[in-house]
Amino acid sequence: MPTLRHVLTAVTALTVLLMAGCGGNNDRPMTPSSPTPSPTLVTASAYILPDAVSQGDRAFGDEPIVIYKSERLRWVNADTLTHVIVADSANATDLRKTDDLPPNGGEQSFIMNKLGTTRIHCAIHPNMTGTLIVRER
């Protein structure tokens, strides 16, 4: 027959096991952990300037378009004519050719992962030229 000492030892052991299994303090609910935020994709906008056809090699600005690897390149047509941007070196970067970019705000985006440099031009207005550079940050 169990003695009082055996019963107390068993009750103590059972109490310790139950407290460990329940996680301790029952007065406070566990705080849920926050989800890990996904990394924000950086978007760099390149503009086809108003009256771009008459600007020739300044149709995309007076400097090369520089974007960093893993960024989104967003082409925005701020002109009143439709344009199609084409890379002169199709394998130099991830840009090969845009779709038709309608006037007054037409846009298209590309994720740029391939490092390189290429001259660019408009397929409809070949005198519109510029340079696109994709580099490491």
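This is a predicted model: local features need pLDDT of at least 70, side-chain atom pairs count only at pLDDT 80 or more; totals for chains, interfaces and linings use all residues.
In soluble globular proteins, nonpolar side chains tend to be buried together. Here the largest nonpolar core has 19 residues, and the members that touch the most others are Phe 60 and Trp 75. Two or more residues each come from strand 1 (43-48), strand 2 (65-68), strand 3 (71-77), strand 5 (107-112), strand 6 (116-122) and strand 7 (129-135).

Phe 60 and Trp 75 are both buried. Beyond its neighbours within four places in sequence, Phe 60 is in contact with Trp 75 and with a set of other residues, including Tyr 47, Ile 48, Leu 49, Ile 65, Ile 85, Ile 120 and Met 128. The aromatic pair count comes to 1. Phe 60 and Trp 75 make up this pair in an edge-to-face arrangement, with 5.7 Å from centre to centre and 70 degrees between the planes. Because Phe 60 sits in the loop between helix 2 (52-55) and strand 2, while Trp 75 belongs to strand 3, the pair ties together parts that are 15 residues apart in sequence.

The pairing of strand 1 with strand 3 is parallel and spans 6 bridges; Thr 43 stands opposite Arg 72 of strand 3.

Another aromatic residue, Tyr 68, has Arg 137 lying over its face, at 4.3 Å from the ring centre.

How values were computed
Residues are numbered from 1 along each chain as its sequence is written. Side-chain values use heavy atoms; hydrogens and water are left out. A nonpolar core is a set of buried Ala, Val, Leu, Ile, Met, Phe, Trp, Tyr and Cys residues joined through side-chain atoms within 4.5 Å. Buried means under 20% relative accessible area, exposed over 50%, partly exposed in between (1.4 Å probe, protein chains only). Helices (H or I, at least four residues) and strands (E, at least two) are DSSP runs, numbered from the N terminus. Contact means heavy atoms within 4.5 Å. Two strands pair if DSSP finds at least two bridges between them. Rings of Phe, Tyr and Trp (its six-membered ring) pair if their centres lie within 6.5 Å; planes under 30 degrees apart count as stacked, over 60 as edge-to-face and the rest as tilted. A charge sits over a ring if NZ of Lys or CZ of Arg is within 6 Å of the ring centre and within 35 degrees of the ring normal.
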